[in-house]
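Please examine the sequence and the structure shown below.

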Amino acid sequence: MLIVRLVKGDLMSILKGLLREEDGQDLTEYTLLLAFIALTTAALVVGPMSSVNQIWVDGNSELSLAASTATS
């Protein structure tokens, strides 16, 4: 029982120390900034994907039509 009290007391003091310290604040801010940049980049890439796909399909059909016209 004494060991449990010592471990529990040490754990509480460690947790209190972590809440008081601000050493990890920079890391948290950089992580949030990186997440924001990643989400913004994903939104910019996914947004025009359907129009790029349509351009690809149109170009492919034009090339197929040109190839069939050239062989006949």
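Of the 72 residues of the chain, 1% count as buried, where buried means under 20% relative accessible area, exposed over 50%, and partly exposed in between (1.4 Å probe, protein chains only). The model is predicted: local features need pLDDT of at least 70, side-chain atom pairs count only at pLDDT 80 or more, and totals for chains, interfaces and linings use all residues. Residues are numbered from 1 along each chain as its sequence is written, and side-chain values use heavy atoms, with hydrogens and water left out.

**Fold**
- The chain contains 3 helices and 0 strands; helices (H or I, at least four residues) and strands (E, at least two) are DSSP runs, numbered from the N terminus.
- Along the sequence, the pattern reads α-α-α.

**Confidence**
- The average pLDDT (the predictor's confidence in each residue, from 0 to 100) of the chain is 80, and 79% of the residues score at least 70.
- Where pLDDT is low, the predicted coordinates should not be read in detail.

**Surface**
- The accessible surface of the chain is about 6900 Å², and 71% of this area belongs to carbon and sulfur atoms; accessible areas come from the Shrake-Rupley method with a 1.4 Å probe, and for residues only the protein chains shown count as cover.
- Phe36 lies in helix H2 (residues 25–46) and is exposed, with a relative accessible area of 57%.
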